[in-house]
Amino acid sequence: MHPDDPRRARTAPGGDARSPGRRAAHRHDAPAAARPSPEPAAAPVPTGRRAARRAAERDGHTAPVAGPHTVHPSPEHTSPAHAVPEHATPEPAHSSAPAGPPPDHTGHGHGHGHGPATPAGHRVRKLLFALLVPCGLATLVGVVLLWPGAAPIPSLPPTQTVHADVTAVQVADCSPGSGDRGCTGVTVAMSDGPRAGRDLVQLVPVEPSTPRFAVGDPVVLSWSGGNPDEAGSYQLSDFQRGPALAWLAGAFALAVVLLGRLRGVAALVGLLLSFVVLLWFVLPSILSGHAPLAVAVTGSCLIMFAVLYLTHGFNARTSCAVLGTLASLALIGLLGWVFSAAARLTGLDDTTSNLIGTLGSVPIDTRGLVLAGLVIGALGVLDDVTVTQAAAVWELGSANHRLGARELYAAGMRIGRDHVASAVNTLVLAYAGAALPLMLLFTVSSTNFTSVLTSQDVATEIVRTLVGSIGLVASVPVTTGLAALVVARGKPEAPAGAGARA
């Protein structure tokens with residue numbers, strides 16, 4: 001190939017100055033006077049190549065003599081008389097300069113060495129295995145020890161629900177012949193139960209605390225099990241909400257699958273597993289008389305292991321998130337136990353009082369119910385924070401392979417500060433929204449602000465919010481530190497399903 005061939009000129013900018021073989025050849029060739037002057041270029045020479053040529057002229061480098069074992073120089077340093085045969089094999093001249101990587105001919109002046117992601121190192125895998133296996137075994141042992149026993153028999157007889165549709169609404173007397181016109185007569189057509197296909201009239205007092213019914217409303221009645229032909233055996237209790245909730249759940253599932261695809265399907269399966277653990281283990285175990293806090297911690301760990309690994313894959317990144325969540329859950333449980341006792345929280349609100357009345361002689365730890373709700377409620381926000389922090393450190397390590405553990409930790413913490421600020425605000429607003437009627441009640445009351453904050457119901461929400469927020473804050477440095485150590489010691493494997501992401 002002729003040295004003036006334009007195809008020969010398509011080399012990487014500055015390649016002749018950066019190739020160790022070419023630099024070595026320049027040092028051992030003819031004197032500087034034998035070097036021909038560069039040919040005029042049709043286009044401006046790039047700055048990097050011009051600087052390299054000037055450096056070569058200052059050092060007295062000359063063009064090498066053509067031969068079968070000589071590295072051919074770039075076109076700027078080659079004349080037609082010294083052209084290297086096309087079949088010649090390049091070989092660097094003997095020099096004390098260390099051999100470098102082969103020249104890059106892709107238009108980039110140097111190579112970064114960005115290869116495929118390497119798996120986590122053997123020591124890192126052993127460390128994660130040593131930390132996670134005892135936690136997993138402890139969770140399984142807790143499930144076995146706290147498995148629900150026989151279901152308690154409530155002291156009150158159970159009621160059956162009957163579905164019906166409102167067919168007529170009219171003003172009526174609360175007592176026959178009283179003329180007070182203070183009630184509403186609601187005529188319903190039953191669709192199931194002992195009077196299926198027949199009508200029934202229910203009297204509902206007109207009060208601010210009672211709902212308003214209209215023709216066509218689907219309603220639910222409670223049947224005490226008495227005479228099915230007597231109106232007193234039934235009570236109009238609520239509306240039917242099944243169809244509306246089913247449509248909403250379908251829209252939610254569709255949105256998750258459309259955005260997350262296979263990962264979204266895995267998230268939905270994880271959500272179902274969470275409900276299974278709550279309904280088949282946590283609630284029956286508490287009703288069986290086991291300590292609510294121990295049941296909540298065990299159930300939360302079981303949910304966390306199943307959901308996180310199912311949704312995000314079995315990899316080092318998920319393991320870091322799991323360990324961060326475990327540490328934060330332990331801290332939340334400990335702080336909740338200490339401060340609920342210090343604040344003397346009893347947990348005896350209206351809902352718990354109704355539960356105690358229904359269970360009768362079955363003992364239940366009301367303060368433990370407060371702690372159990374605190375742990376389970378914080379888990380939903382914790383896994384979001386820990387997974388996001390681990391993913392952020394992984395992306396930082398992928399973007400810059402030269403970052404060490406300290407740099408990764410510092411960069412991850414900058415992300416974590418913003419994340420934890422929004423997560424704490426989310427947790428506070430979630431608790432405030434759940435207790436909004438209570439807050440309105442205390443707002444219009446004549447008690448002072450300090451008395452409101454230290455009351456039983458408000459103090460319970462304050463302890464839940466602050467303890468959960470402390471756990472969230474602690475999860476950021478713990479998860480970020482673990483992820484930074486793992487990433488710095490070797491590129492972990494890509495998470496499962498990462499190749500299928502859009």
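Let me begin with a term: a residue is called buried when its relative accessible area is under 20%, exposed when that area is over 50%, and partly exposed in between, as judged with a 1.4 Å probe and protein chains only. What we have here is a predicted model, in which local features need pLDDT of at least 70 and side-chain atom pairs count only at pLDDT 80 or more, while totals for chains, interfaces and linings use all residues. Residues are numbered from 1 along each chain as its sequence is written, and side-chain values use heavy atoms, with hydrogens and water left out.

First, the chain as a whole. The protein chain has 502 residues, and 35% of them count as buried. It holds 14 helices and 5 strands, where helices (H or I, at least four residues) and strands (E, at least two) are DSSP runs numbered from the N terminus.

Now to the cysteines. How many disulfides does a search of the whole structure find? It finds 1, a disulfide being a pair of cysteine sulfur atoms within 2.5 Å. The partners are C174 and C183, with 2.0 Å from S to S, and the link of C174 and C183 is right-handed, with 105° about the S-S bond.

C135 is partly exposed, with a relative accessible area of 27%, while C301 is buried, with 9%.

Finally, the aromatic rings. Rings of Phe, Tyr and Trp (its six-membered ring) pair if their centres lie within 6.5 Å, and planes under 30 degrees apart count as stacked, over 60 as edge-to-face and the rest as tilted. A search of the whole structure finds 5 aromatic pairs. In one of them, F305 and Y309, the ring centres are 6.5 Å apart and the planes are at 15°, so this pair is stacked. F305 and Y309 both lie in helix 7, which covers residues 292–312, and they are 4 residues apart, about one turn of the helix. F305 counts as buried at 16% relative accessibility, and Y309 counts as buried at 10%. Ring pairs also bring in F314, so that F305, Y309 and F314 are linked into a cluster.
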